[in-house]
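Q: Please go through this structure term by term, setting each value against its definition.

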Amino acid sequence: MKDIQSLEDHRKTPIQKVGITNLKYPAFFEGLSGKIHPVASTWDLSVSLDADKKGTHMSRFVEIIHEMHHTLSVSQLTRILKMMQDRLHAKKAFVRIGFAYFVEKKSPITEHSSYLDYNVQLEGSANENSTAIALTVEIPVTTLCPSSKLISEFGAHNQRGIVSIRITPTGDISFEELISYAEASASSELYAIVKREDEKFVTEKAYENPAFVEDLVRDVALHLRKDDRISNFRVQVTNFESIHNHDAYAVIEG
(Lines give C-alpha, C1' and ligand atoms only; values in the text may rest on other atoms or scores of the structure.)
Protein backbone atom coordinates (compact mmCIF):
# COMPACT_ATOMS: atom_id res chain seq x y z
CA MET A 1 0.00 0.00 0.00
CA LYS A 2 1.15 3.54 -0.69
CA ASP A 3 2.87 5.20 2.28
CA ILE A 4 1.66 8.82 2.37
CA GLN A 5 3.80 9.76 5.38
CA SER A 6 6.99 8.89 3.51
CA LEU A 7 6.27 11.28 0.64
CA GLU A 8 8.28 14.50 0.30
CA ASP A 9 6.63 17.65 1.64
CA HIS A 10 6.90 20.72 -0.60
CA ARG A 11 6.45 23.28 2.21
CA LYS A 12 9.98 22.59 3.53
CA THR A 13 9.01 23.43 7.12
CA PRO A 14 10.46 21.30 9.93
CA ILE A 15 8.34 20.25 12.90
CA GLN A 16 9.97 20.30 16.33
CA LYS A 17 7.64 17.70 17.88
CA VAL A 18 5.02 15.39 16.39
CA GLY A 19 3.60 12.28 17.99
CA ILE A 20 0.92 11.00 20.33
CA THR A 21 -0.23 12.22 23.72
CA ASN A 22 -2.35 10.85 26.58
CA LEU A 23 -1.73 7.21 25.66
CA LYS A 24 -2.86 5.08 28.60
CA TYR A 25 -1.09 1.74 28.87
CA PRO A 26 -0.47 -0.91 31.54
CA ALA A 27 3.15 -1.19 32.53
CA PHE A 28 5.42 -2.93 34.99
CA PHE A 29 7.94 -0.66 36.61
CA GLU A 30 11.08 -2.21 38.07
CA GLY A 31 12.52 -0.44 41.11
CA LEU A 32 16.17 -0.53 42.17
CA SER A 33 15.41 -3.34 44.62
CA GLY A 34 14.16 -5.47 41.74
CA LYS A 35 10.55 -5.31 42.96
CA ILE A 36 8.04 -5.08 40.13
CA HIS A 37 5.28 -2.46 40.48
CA PRO A 38 2.27 -2.83 38.13
CA VAL A 39 1.16 0.66 37.13
CA ALA A 40 -1.42 2.32 34.89
CA SER A 41 0.77 4.72 32.93
CA THR A 42 0.06 7.68 30.66
CA TRP A 43 2.50 8.43 27.85
CA ASP A 44 3.42 11.37 25.63
CA LEU A 45 5.76 10.42 22.78
CA SER A 46 7.07 12.56 19.96
CA VAL A 47 9.92 12.99 17.51
CA SER A 48 11.24 15.77 15.34
CA LEU A 49 10.27 15.79 11.67
CA ASP A 50 12.59 17.02 8.94
CA ALA A 51 11.40 19.73 6.57
CA ASP A 52 11.26 17.40 3.56
CA LYS A 53 9.16 14.69 5.23
CA LYS A 54 5.36 14.76 5.07
CA GLY A 55 4.59 12.89 8.28
CA THR A 56 5.60 10.40 10.94
CA HIS A 57 4.27 6.89 11.56
CA MET A 58 2.06 7.20 14.63
CA SER A 59 1.45 3.47 15.07
CA ARG A 60 5.15 2.85 15.66
CA PHE A 61 4.99 4.74 18.95
CA VAL A 62 2.45 2.26 20.32
CA GLU A 63 4.42 -0.69 18.92
CA ILE A 64 7.50 0.42 20.84
CA ILE A 65 5.61 0.87 24.12
CA HIS A 66 3.94 -2.52 23.74
CA GLU A 67 7.35 -4.15 23.34
CA MET A 68 8.79 -2.38 26.40
CA HIS A 69 5.89 -2.16 28.87
CA HIS A 70 6.84 -5.37 30.71
CA THR A 71 10.33 -4.08 31.60
CA LEU A 72 9.85 -0.38 32.33
CA SER A 73 12.63 1.25 34.37
CA VAL A 74 14.56 4.50 34.47
CA SER A 75 17.42 2.96 32.49
CA GLN A 76 14.97 1.69 29.85
CA LEU A 77 14.07 5.26 28.91
CA THR A 78 17.34 5.59 27.02
CA ARG A 79 16.57 2.46 25.02
CA ILE A 80 13.01 3.64 24.25
CA LEU A 81 14.32 6.98 22.96
CA LYS A 82 16.88 5.23 20.74
CA MET A 83 14.18 2.92 19.35
CA MET A 84 12.03 5.94 18.53
CA GLN A 85 14.89 7.66 16.70
CA ASP A 86 15.73 4.54 14.70
CA ARG A 87 12.24 3.37 13.76
CA LEU A 88 10.87 6.83 12.99
CA HIS A 89 14.08 8.04 11.32
CA ALA A 90 14.20 11.10 13.57
CA LYS A 91 17.08 13.22 14.80
CA LYS A 92 15.32 13.94 18.12
CA ALA A 93 12.95 11.98 20.34
CA PHE A 94 10.94 12.89 23.43
CA VAL A 95 9.01 10.82 25.99
CA ARG A 96 7.04 11.60 29.14
CA ILE A 97 5.52 8.91 31.38
CA GLY A 98 3.25 9.52 34.34
CA PHE A 99 1.81 7.08 36.84
CA ALA A 100 0.88 6.57 40.48
CA TYR A 101 3.65 4.80 42.38
CA PHE A 102 2.41 2.87 45.43
CA VAL A 103 4.58 2.29 48.49
CA GLU A 104 3.53 -0.07 51.28
CA LYS A 105 3.73 1.62 54.67
CA LYS A 106 2.93 0.62 58.23
CA SER A 107 1.09 2.99 60.54
CA PRO A 108 3.51 4.28 63.19
CA ILE A 109 2.02 2.64 66.34
CA THR A 110 -0.47 -0.09 65.41
CA GLU A 111 1.59 -1.10 62.35
CA HIS A 112 -1.38 -1.60 60.04
CA SER A 113 -0.10 -2.03 56.47
CA SER A 114 -1.52 -0.03 53.59
CA TYR A 115 -0.41 1.55 50.33
CA LEU A 116 0.17 5.27 49.83
CA ASP A 117 0.28 6.68 46.32
CA TYR A 118 2.86 9.13 44.97
CA ASN A 119 2.57 10.79 41.57
CA VAL A 120 5.64 10.07 39.45
CA GLN A 121 6.78 11.42 36.10
CA LEU A 122 9.70 10.28 33.95
CA GLU A 123 10.91 12.50 31.11
CA GLY A 124 13.52 11.82 28.47
CA SER A 125 14.88 13.53 25.40
CA ALA A 126 17.50 12.47 22.91
CA ASN A 127 19.30 14.07 19.99
CA GLU A 128 22.04 12.73 17.74
CA ASN A 129 24.71 13.20 20.43
CA SER A 130 23.19 12.91 23.88
CA THR A 131 20.31 11.78 26.07
CA ALA A 132 18.79 13.60 29.07
CA ILE A 133 16.61 11.99 31.74
CA ALA A 134 14.58 13.69 34.51
CA LEU A 135 12.52 12.24 37.38
CA THR A 136 9.72 13.99 39.24
CA VAL A 137 8.01 12.71 42.41
CA GLU A 138 5.17 14.41 44.29
CA ILE A 139 5.10 13.59 47.99
CA PRO A 140 2.07 14.49 50.19
CA VAL A 141 3.01 15.56 53.74
CA THR A 142 1.67 17.37 56.81
CA THR A 143 3.04 20.70 58.00
CA LEU A 144 2.24 22.59 61.20
CA CYS A 145 2.69 26.36 61.40
CA PRO A 146 5.47 27.46 63.82
CA SER A 147 3.96 30.92 64.23
CA SER A 148 0.53 29.52 65.09
CA LYS A 149 2.12 27.26 67.70
CA LEU A 150 4.05 30.17 69.22
CA ILE A 151 1.17 32.64 69.54
CA SER A 152 -1.62 30.22 70.50
CA GLU A 153 -2.41 29.22 74.06
CA PHE A 154 -3.21 25.73 72.80
CA GLY A 155 -3.14 23.99 69.45
CA ALA A 156 -1.81 25.21 66.11
CA HIS A 157 -3.13 25.09 62.57
CA ASN A 158 -1.75 22.48 60.25
CA GLN A 159 -2.37 21.50 56.66
CA ARG A 160 -1.55 18.97 54.01
CA GLY A 161 1.13 19.92 51.51
CA ILE A 162 2.83 18.57 48.41
CA VAL A 163 6.60 18.37 47.99
CA SER A 164 7.46 18.13 44.28
CA ILE A 165 11.03 16.99 43.59
CA ARG A 166 12.43 17.04 40.06
CA ILE A 167 15.97 15.76 39.53
CA THR A 168 18.44 14.95 36.81
CA PRO A 169 20.11 11.76 38.02
CA THR A 170 23.77 10.86 37.41
CA GLY A 171 23.46 7.47 39.11
CA ASP A 172 20.88 4.97 40.27
CA ILE A 173 18.44 6.57 42.70
CA SER A 174 15.07 5.24 43.75
CA PHE A 175 11.72 6.97 44.13
CA GLU A 176 11.70 5.73 47.74
CA GLU A 177 14.88 7.67 48.51
CA LEU A 178 13.45 10.92 47.14
CA ILE A 179 10.24 10.27 49.08
CA SER A 180 12.25 9.79 52.29
CA TYR A 181 13.98 13.17 51.84
CA ALA A 182 10.60 14.93 51.79
CA GLU A 183 8.93 12.93 54.56
CA ALA A 184 11.92 13.33 56.89
CA SER A 185 11.76 17.11 56.44
CA ALA A 186 8.01 17.52 57.00
CA SER A 187 6.17 17.95 60.29
CA SER A 188 4.78 14.46 59.71
CA GLU A 189 4.40 11.96 56.91
CA LEU A 190 1.03 10.57 55.79
CA TYR A 191 -0.50 7.11 56.05
CA ALA A 192 -3.49 5.50 54.38
CA ILE A 193 -4.59 3.75 57.59
CA VAL A 194 -4.51 5.68 60.88
CA LYS A 195 -6.07 4.18 64.02
CA ARG A 196 -6.64 6.27 67.16
CA GLU A 197 -3.21 5.45 68.58
CA ASP A 198 -1.59 6.36 65.25
CA GLU A 199 -3.58 9.58 65.01
CA LYS A 200 -2.36 10.63 68.46
CA PHE A 201 1.23 9.93 67.44
CA VAL A 202 0.99 11.77 64.11
CA THR A 203 -0.74 14.79 65.66
CA GLU A 204 1.80 15.10 68.45
CA LYS A 205 4.73 14.51 66.10
CA ALA A 206 3.55 17.34 63.85
CA TYR A 207 3.15 19.60 66.88
CA GLU A 208 6.72 18.89 67.96
CA ASN A 209 8.09 19.46 64.44
CA PRO A 210 6.55 22.70 63.16
CA ALA A 211 7.73 23.86 59.73
CA PHE A 212 7.01 26.82 57.50
CA VAL A 213 6.91 26.19 53.77
CA GLU A 214 10.31 27.90 53.71
CA ASP A 215 11.70 25.45 56.28
CA LEU A 216 10.47 22.43 54.39
CA VAL A 217 11.79 23.48 50.98
CA ARG A 218 15.22 24.31 52.45
CA ASP A 219 15.56 21.04 54.34
CA VAL A 220 14.63 18.98 51.27
CA ALA A 221 17.09 21.00 49.15
CA LEU A 222 19.88 20.24 51.63
CA HIS A 223 19.23 16.50 51.28
CA LEU A 224 19.34 16.76 47.49
CA ARG A 225 22.53 18.84 47.45
CA LYS A 226 24.35 16.20 49.51
CA ASP A 227 23.40 13.40 47.11
CA ASP A 228 26.15 13.01 44.50
CA ARG A 229 23.81 10.98 42.28
CA ILE A 230 21.92 14.18 41.45
CA SER A 231 23.38 16.75 39.04
CA ASN A 232 20.61 19.33 39.41
CA PHE A 233 17.21 19.60 41.02
CA ARG A 234 14.09 21.66 41.51
CA VAL A 235 12.04 21.29 44.67
CA GLN A 236 8.70 23.01 45.16
CA VAL A 237 6.60 22.86 48.31
CA THR A 238 2.94 23.85 48.19
CA ASN A 239 0.86 24.08 51.37
CA PHE A 240 -2.93 23.90 51.01
CA GLU A 241 -3.59 26.47 53.72
CA SER A 242 -6.24 25.57 56.30
CA ILE A 243 -6.96 29.12 57.56
CA HIS A 244 -6.65 30.95 54.21
CA ASN A 245 -8.41 30.64 50.88
CA HIS A 246 -5.07 30.54 49.08
CA ASP A 247 -2.01 28.30 49.04
CA ALA A 248 1.57 29.03 50.13
CA TYR A 249 4.54 27.81 48.11
CA ALA A 250 8.31 27.99 47.86
CA VAL A 251 10.83 26.86 45.23
CA ILE A 252 14.57 26.12 45.29
CA GLU A 253 16.60 25.13 42.25
CA GLY A 254 20.14 23.88 42.56
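A: Helices here are DSSP runs of H or I with at least four residues, strands are runs of E with at least two, and both are numbered from the N terminus. By that count the chain has six helices and nine strands. The model is predicted: local features need pLDDT of at least 70, side-chain atom pairs count only at pLDDT 80 or more, and totals for chains, interfaces and linings use all residues. Residues are numbered from 1 along each chain as its sequence is written, and side-chain values use heavy atoms, with hydrogens and water left out.

Q: What is the span of the C-alpha trace along its principal axes?
A: The trace spans about 80 × 35 × 35 Å.

Q: Why is K17 called exposed?
A: Relative accessible area under 20% is buried, over 50% is exposed, and anything in between is partly exposed (1.4 Å probe, protein chains only). K17 has a relative accessible area of 52%, so the residue is exposed. K17 lies in strand β1.

Q: What share of the residues of the chain counts as buried?
A: Of the 254 residues, 44% count as buried.

Q: What part of the contacts with a separation of 6 or more comes from residues 24 or more positions apart?
A: Such residues account for 64% of those contacts in the chain.

Q: What makes K91 partly exposed?
A: K91 has a relative accessible area of 37%, and therefore counts as partly exposed. Its place is in the loop between α2 (76–87) and β3. Leaving out residues up to four places away in sequence, K91 touches S48, D50, Q85, A126, N127 and E128. Between K91 and E128 there are 5.8 Å from C-alpha to C-alpha, at 37 residues apart in sequence.

Q: Where is H89, and why is it called exposed?
A: H89 is found in the loop between α2 and β3. Its relative accessibility is 55%, so H89 counts as exposed.

Q: Why is K12 called partly exposed?
A: Its relative accessible area is 44%, so K12 is partly exposed. K12 is in the segment before β1.

Q: What makes S59 partly exposed?
A: S59 has 47% relative accessibility and therefore counts as partly exposed. This residue sits in helix α1 (residues 58–68). S59 and R234 are 175 residues apart in sequence and 34 Å apart from C-alpha to C-alpha.

Q: Why is F240 called partly exposed?
A: The relative accessible area of F240 is 34%, so F240 is partly exposed. F240 lies in the loop between β8 (230–239) and β9 (248–253). Apart from neighbours within four places in sequence, F240 is in contact with Q159, R160, G161, I162 and D247.

Q: How many positive and negative side chains does the chain have?
A: Lys and Arg count as positive and Asp and Glu as negative, while His and the chain ends are not counted. The chain has 29 positive and 35 negative side chains. With each charge placed at NZ of Lys, CZ of Arg, CG of Asp or CD of Glu, the centres of the two sets lie 6 Å apart.

Conventions:
Contact = heavy atoms within 4.5 Å.
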